[in-house]
Structure formats: C-alpha cells, structure tokens
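Look at the model shown here and follow the text with the chain in view. The paragraphs go from helices to rings and then to charges.

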Amino acid sequence: MSRYMVDKFMRFVELSDARVAEYAADPAAYVDRWLVEGVGPEAATDDRVLTDEERAAFAARDIAALYALGAHPYLLWHFTEAVHAHEFTPESGWRELVERYRAAVVPHGVVDYIP
C-alpha cells in the first residue's frame, strides 16, 4: 500500500504548478501536511501512509532513494522534471536534469515494482 501512496503523492504534486512550487519551497513541510490533512476529494477515504524512509526521501527530494524504494520510474521522472524544472535554463538545463536522474537511478538497477 505504501508504494501506491508514493506514486499517488508524486502524481498529485506533479499535476499542479502550485503544488510543485509549494513542495519545492519546503518539501518536508509539504509532505507532513499532505500526510496529516490530505488534499482533494479522496482525502476522507484514503489512508495516507508512507514509511519513515519514504517520507524522508520526499522531504530530502532524494530521487535515488525514491527509485530504490520502488517508486514507479515513469511517475518519478515526471515528478523529478516538475520539481526541478525551475532550476534549469531551457537551453542547457533539461539535459543536465536527465543526466542527474540517470545517475541517481542507474546504480539501483531494475527495481522490483510489484509489491
């Protein structure tokens, strides 16, 4: 269930520029608020649970740790792109981001994504 929440958190943040900005400004506070308050129409029915490792990885914006913990690579890439996009220029930044993402995930090989 926790991997589902990891993927759900990434998708939830990535779909809104305002959420991306809020998360990027203070990841730890955003994660804690999301865990406690819930956001959106599913807040009353879902059980927002992240392991301590998952919470720490989101709080530190640690892409390598999220990948190693089983975050879905497609969602993780889009989450990474959204959260870090403002740090780069259009001319040279995207390639650098791809290389940083690759360097973070390649050492972990292919992770078992089926919980």
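Helices here are DSSP runs of type H or I with at least four residues, and strands are runs of type E with at least two, numbered from the N terminus. The expected span of a helix is 1.5 Å times one less than its number of residues. This is a predicted model, in which local features need pLDDT of at least 70 and side-chain atom pairs count only at pLDDT 80 or more, while totals for chains, interfaces and linings use all residues. Residues are numbered from 1 along each chain as its sequence is written, and side-chain values use heavy atoms, with hydrogens and water left out.

Begin with helix α1. It has 13 residues, and the distance from its first C-alpha to its last is 18 Å, close to the 18 Å expected at 1.5 Å a residue. To describe its surroundings, a term for exposure is needed. A residue is buried under 20% relative accessible area, exposed over 50%, and partly exposed in between, using a 1.4 Å probe and protein chains only. The buried residues of α1 are Ser 2, Met 5, Val 6, Asp 7, Lys 8, Phe 9, Met 10, Phe 12 and Val 13. Which helices cover them? Contact means heavy atoms within 4.5 Å, and the cover of the buried residues of α1 includes α2, α3, α4, α5 and α6.

Helix α6 (residues 73-84) can be treated in the same manner. Its 12 residues should span 16 Å at 1.5 Å a residue, and its end C-alpha atoms are 16 Å apart, which agrees. Leu 76, Trp 77, Phe 79, Thr 80, Val 83 and His 84 are the buried residues of α6. Seen down the axis of α6, these buried residues fall within an arc of 165°, so they line one face of the helix. The arc is that of the directions from the helix axis to the C-beta atoms. Among the elements that cover the buried residues of α6 are α1 (2-14), α2 (17-25), α4 (52-59), α5 (63-68) and α7 (93-105).

Next come the aromatic rings. Rings of Phe, Tyr and Trp (its six-membered ring) pair if their centres lie within 6.5 Å; planes under 30 degrees apart count as stacked, over 60 as edge-to-face and the rest as tilted. How many aromatic pairs does this rule give? The count comes to 9 aromatic pairs. One of them joins Phe 9 and Phe 58, a tilted pair with 4.5 Å centre to centre and 55° between the planes. Phe 9 belongs to helix α1 and Phe 58 to helix α4, so the pair ties together parts that are 49 residues apart in sequence. Phe 9 is buried, with a relative accessible area of 0%, and Phe 58 also counts as buried, at 0% relative accessibility.

Another pair is formed by Tyr 23 and Phe 79. Their ring centres are 5.3 Å apart and their planes stand at 55°, so the pair is tilted. Tyr 23 is in helix α2 and Phe 79 in helix α6, so to speak distant parts of the chain, 56 residues apart. Tyr 23 counts as buried at 0% relative accessibility, and Phe 79 counts as buried at 2%. Ring pairs link Phe 9, Tyr 23, Tyr 30, Trp 34, Phe 58 and Phe 79 into a cluster.

The charged side chains remain. A salt bridge is a side-chain nitrogen of Lys or Arg within 4 Å of a carboxyl oxygen of Asp or Glu. By this rule the model has 5 salt bridges. One of them joins Arg 11 and Glu 14, at 3.0 Å from N to O. Both residues lie in helix α1, 3 residues apart, about one turn of the helix. An α-helix has 3.6 residues a turn, so residues three or four places apart point the same way. Arg 11 counts as partly exposed at 40% relative accessibility, and Glu 14 counts as partly exposed at 21%.

Arg 33 forms a salt bridge with Glu 22, with the closest N and O atoms 2.4 Å apart. This pair links distant parts of the chain, with Arg 33 in helix α3 (residues 27-37) and Glu 22 in helix α2, 11 residues apart. In helix α7, Arg 95 and Glu 99 lie 4 residues apart, about one turn of the helix, and their side chains meet in a salt bridge of 3.3 Å, N to O. Arg 95, Glu 99 and Arg 102 are linked in a network of salt bridges.
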